[in-house]
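This report describes selected features of a two-chain model. Please consult the sequence and the structure alongside the text.

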Amino acid sequence: MDASDNSLWVLLVAVIGGAIRVGTPFIFVSLGECLTEKSGRINLGLEGNLIMGAMSAYAVSYLTGSPWLGVLAAAGSGCILGAVHALLCQHPKVNDIALGIAMMLFATGLAFFFGKPFIQPSAPHLPSVSLGAWSDWPVLKSALDINLLFFVGVALAPFIAWFLKSTRPGNRVRIAGESADAALAMGLSVNRLRFFSTVVGGAMASVGGSYLSLFYPGSWSEGLSSGQGLMAVALVIFARWDPIKCLYASFLFGSAAALGPALQSVGVTSGYYLFNAAPYVLTLAIMIATSNSTGTIKGLPGEFVK
Amino acid sequence: MQNLRETWLISLAALFVSAAILAVFLLACKQSPVDVFTSLYVGAFGSWFSWQNTLVRATPLMLTAFCTLMPARVGYIVIGGEGAFVVGGLMAALTGISLQGLNAYVVLTAMLLTGALCGGLWILAVGALRAFRQVNETISSLLLNYIAIAILNFLVVGILKDPATLNNPSTASIGDDNMLTSIGETSIHWGIFYGLSACVGLFVLCRLSTLGFAMDVVGGNTRAARLVGLPLNRIILLSCFIGGACAGVAGMLEVAAIQGRANSSLAAGYGYAGILVAFLARQNPLAVIPYAILLGGIQAAGGLLQRNHDLPDATTGVIQGIIFMVILTSEIFYGRFAWLQSKPRVA
């Protein structure tokens, strides 16, 4: 096969494979954040959920031998963290942004605290589907080695879009996000709707974390997550609070994050640390590009317009 | 104006509640809370040795806190202290290296100014993006943290690497003569006075100057500030610049008093701990001093907790997280207790 000799092809395949591989946790975190923000609240603590999810998934997978139980444990930890955020934020005097930062520090500390004994042992990984079996080119083979959670994430996006658009509870969540006054006038409990959205959103973010520790990079360490949870907040803005667009945006961010390792695989090593910053620079660039001087963004839930 | 008695009582109560939650947490981990709290005290404030350790760690926190505190006065939540710290430290180190041979005071002053300028501009960019383009300042400042660390790593393993530093790639040394010295026989360096003067100076600025009052007006009610004709953007950018400059000076101190060169250990989390100090101090620059010492103490005691109780080093992170959450929740109780409110003066 000629293509295997061409480093440009290798780079392209590595970036596309990376977009799927690195982008998967972004799908879960951004969908979780999207749901939470649709209800009119911002949860900046999802970075903590991600790390906590990664740790609990790894620990449970190691102790029970079942990675799927690990994913379940991650979801549980995410529910608890989401519930804490939602309950404390109910009071108007508690700032949701500041509390998000606090939750991030707390959950990260907690994950490192309990995760210390699990840094060495290796836990069973989540199974993946090898879609590249037809090819005898190893680069393509490894790029098409796709984890089952990826398919879950891809299915989740249209499901959430449908839920928000066409179901009664979904519409209520949106009402709480568009106008708390309108929701109150309809006799809906804004706090309960936001509680539900934050808990489910937190669980999704933690499942994204379980992907980090149980598939790619595939081990638990303290440097596992590096801001994916926070980038997801910017990603949701970029995706205009649309779950389907969150999916596309996740691929874009995944490929940006895969650029550094992909370049390294074809022998470009000089700017490794600079390319590592690519997803952050991309996020910042997108935030600036999609901004305007008045702060009105299409799709912004009404409760954020001050 | 905040009611001082109410602030202190509620903050103190919040610290006690945090301690209680921590005690429950420790019990759940089969540790004796009494023993751990004793070790925390001994490690932080139990001896002159631990006091020195605590004060050395409190110094950068006194400065990085302002990176969140100053923008908060105009209503911005900035968490970019880590980035400003790294940029300030890196640029100060470069200044120190290139000015070698000059008088140590000249070198240190140049390093101080470079650190302040670069850190200030770093956060000024965050403020400008928000003021002119409505880019969320919390997220952009956090992204800039990661970008700053990436630039630092790129430079210290690349063009700025001193070949002699193999295991821990670093820049060249700023030279022993140019290091900021310790005070007398102690291990506390003179940088603590930079921190203390920032706290006192910015207290004067925030509480006693017209500029500080203008900042409060902008933070309290942007519309009102615009209506009375305040130069809104200039005030916002200035407060961001001052905040970033403080964090930059903290980075410079880390280089000039501790490391002697710039390397990846600049990103040690002082910027993040500073956020907590700022929220604990509830935007009062003088209150930064005791809370920076408290947080410095908790960090200083981390080693003792590890040795005596076999607790992981992340324990201090858990403690800080608990305090942070409880303090934010304690906002609920302000104005709730009639006996704590100051009585309106009858003219």
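The sections below treat the basis of the model, the core, the chain contacts and selected helices.

## Basis of the model

The structure is a predicted model, in which local features need pLDDT of at least 70, side-chain atom pairs count only at pLDDT 80 or more, and totals for chains, interfaces and linings use all residues. Residues are numbered from 1 along each chain as its sequence is written, while chains are lettered from A and ligands numbered from 1 in the order in which they are written.

## Nonpolar core

A nonpolar core is a set of buried Ala, Val, Leu, Ile, Met, Phe, Trp, Tyr and Cys residues joined through C-beta atoms within 7 Å. A residue counts as buried if 20 or more other C-beta atoms lie within 10 Å of its own, as exposed if 12 or fewer do, and as partly exposed in between, with C-beta atoms placed from the backbone. The largest such core has 234 residues, and those with the most contacts inside it are L235(A), A256(B), V277(B), V288(B) and A292(B). Helix α10 of chain B (residues 232–259) contributes the largest share of this core, 16 residues. Helices here are DSSP runs (H or I, at least four residues), numbered from the N terminus.

Two residues are in contact if their C-beta atoms, placed from the backbone, lie within 7 Å. Leaving aside residues up to four places away in sequence, L235(A) touches F26(A), S30(A), C246(A), A249(A), S250(A) and F253(A).

## Contacts between the chains

In chain A, 41 residues are in contact with 36 residues of chain B. On the chain A side, α4 (96–115), α10 (228–238), α12 (272–276) and α13 (278–289) each supply at least two residues. The largest share, 13 residues, comes from α4(A).

## Selected helices

Within helix α7 of chain A (residues 168–178), V173(A), R174(A), I175(A), A176(A) and G177(A) are buried. Their cover includes α1 (7–38), α6 (148–166), α8 (180–185) and α9 (190–214) of chain A.

Helix α1 of chain B (residues 4–28) has 25 residues and reaches 36 Å from its first C-alpha to its last. This is close to the expected 36 Å, taken as 1.5 Å times one less than the number of residues. I10(B), A14(B), S18(B), L22(B) and L26(B) are buried in α1(B), and what covers the buried residues includes α2 (33–45) and α13 (315–329) of chain B. Just after α1(B), K30(B) takes a positive phi of about 60°.

## A loop residue

S265(B) lies in the loop between α10 and α11 (270–280) of chain B. S265(B) is partly exposed because 13 other C-beta atoms lie within 10 Å.
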